[in-house]
Amino acid sequence: MNRYRYTLASILFAFTLLTGSLQATNYYTISSGNFNDNGNVWSNDGTNACGCAPAASFVNAGDTIFIRHEIILNQELSIQNNAHLSISSSGLLNGSFGIRMDNNASLFNAGSLQPGFLFVFNSTLVSTGSISTAGSYLNLASTSDLSGSVHVGFDFRTMHSGTLILRSNTFMNVDGFFFNIGTLITEPGVCINIGGDFFSAESGIVIGDGHVTAGFNITNNGAWDINTGWCAGVDGFGMPNTENCITCGPLPVTLQSFDAAYQMQEQNVRLIWNTLNEVNSDHFVVERSLDGIEFEVVREEKSLGSDTKEAHYEWVDETPGEGMNYYRLRQIDRDGQQQVLGTEKVYVSATANTSFVAWPQPTQGQLQFQLSLEEARSLDIIVLDLAGRIVLQQSSSESDAHHGHLDLSQLDAGTYILRAKAGTFTHSQKITKI
């Protein structure tokens with residue numbers, strides 16, 4: 001079903017920090033407050049107040065702002081020259097002032113972004129949280145990859161050099177007009193609701209399985225995919241397919257989580273997945289692969305059909321292969337259509353002893369790890385540079401099977417030392433960030 005699925009790498013966003021010739025500076029929020037507050041809001045190491053604040057023109061190559069609290073944008077913010085802004089799931093950046101991005105800047109939002117306006121030119125915007133520009137506009141002149149929810153309080157424009165990718169089940173509301181001069185890509189379950197007109201110019205491309213609803217006219221002068229549904233409040237012009245006003249809505253299944261964990265004592269792999277909105281869903285298929293390419297079906301699970309609350313599923317693979325195992329979760333509709341919901345990796349040890357593995361190596365930013373223990377212990381991981389300075393640390397609560405990821409995107413490219421400690425178990429290895 002996801003015929004237009006793109007990875008972040010395919011849209012040139014690995015969120016790699018490019019330092020250039022200047023020394024990169026990181027700014028982390030350690031409390032809520034105003035953006036320009038140079039008291040106790042900002043830190044350069046993530047812990048201690050620096051008595052400083054990022055400049056409104058954030059232009060040094062490799063500089064990064066990490067927002068983890070509620071921050072009020074009380075001045076216009078300009079992000080340029082490979083500088084980066086990252087908003088975590090707990091972060092909120094809002095205010096009546098706007099954000100301008102230019103010259104290979106990047107913005108990653110996993111929380112809530114609510115500026116007065118947002119203009120993205122020759123830069124990259126990725127959001128898995130919510131974006132709202134209440135009462136103002138949002139202009140895109142480069143690649144943007146959005147999921148979750150988007151609200152534009154005035155007009156929205158995809159410029160000639162812009163590409164907007166809306167992921168499955170994303171809802172985009174535009175109070176004003178939608179002008180598409182570039183490329184709009186929608187995955188299944190995407191709903192775009194427009195208060196005014198939708199206008200796609202001669203250079204405009206609309207492609208994908210989403211749906212566009214406009215309060216007035218929908219005009220297409222460019223290329224329009226016949227799989228993209230539409231509904232006009234007044235009329236449609238230049239449309240290659242028939243108007244459809246009832247197809248906009250979420251996919252049959254919304255995946256809340258998919259997790260696979262190696263249980264060392266039992267020498268098996270436990271898979272757990274949780275879903276919402278199981279509309280028209282028939283069953284799930286679990287597939288396994290030892291190379292990540294060729295998959296075989298190892299389990300089929302009947303859908304519970306819950307559309308009002310979370311549905312929970314568990315299955316134990318008693319015969320995993322030695323080494324890396326790839327598990328793919330597929331959902332099948334009652335009408336035979338299907339979608340891949342997710343893929344997880346698990347490393348299986350040949351013998352029942354303590355083992356630690358981290359992959360991929362080298363990594364562009366996201367390093368997966370797995371630790372199997374004979375008895376439950378808490379896990380502490382630190383990453384050091386070659387001078388012995390701690391550049392990243394992470395802890396996990398007590399368990400006999402730890403698995404997760406380390407976000408190395410804030411680190412410069414180079415070689416580091418990873419050290420893991422759980423009770424009497426210790427492990428050290430070199431890792432490379434590219």
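Which residues of strand 13 (residues 118-121) lie on the covered face, and which on the uncovered one? Leu118 and Val120 form the covered face, whereas Phe119 and Phe121 form the uncovered face. In a regular strand the side chains alternate between the two faces of the sheet. Strands here are DSSP runs of E with at least two residues, numbered from the N terminus.

The model is predicted: local features need pLDDT of at least 70 and side-chain atom pairs count only at pLDDT 80 or more, while totals for chains, interfaces and linings use all residues. Residues are numbered from 1 along each chain as its sequence is written, and side-chain values use heavy atoms, with hydrogens and water left out.

Strand 13 runs parallel to strand 10 (residues 99-102), to which three bridges join it; two strands pair if DSSP finds at least two bridges between them. Ile99 has Leu118 as its bridge partner. Strand 13 also pairs in the parallel sense with strand 16 (residues 138-141), over four bridges, and there Phe121 is partnered by Ala141.

Ile99 is also one of the residues, with Met172 and Phe198, that touch the most other members of the largest nonpolar core, which has 49 residues. Such a core is a set of buried Ala, Val, Leu, Ile, Met, Phe, Trp, Tyr and Cys residues joined through side-chain atoms within 4.5 Å. Buried means under 20% relative accessible area, exposed over 50%, and partly exposed in between (1.4 Å probe, protein chains only).

The whole structure holds two disulfides, a disulfide being a pair of cysteine sulfur atoms within 2.5 Å. One joins Cys231 to Cys245; its S-S torsion is about 90 degrees, so this disulfide is right-handed.
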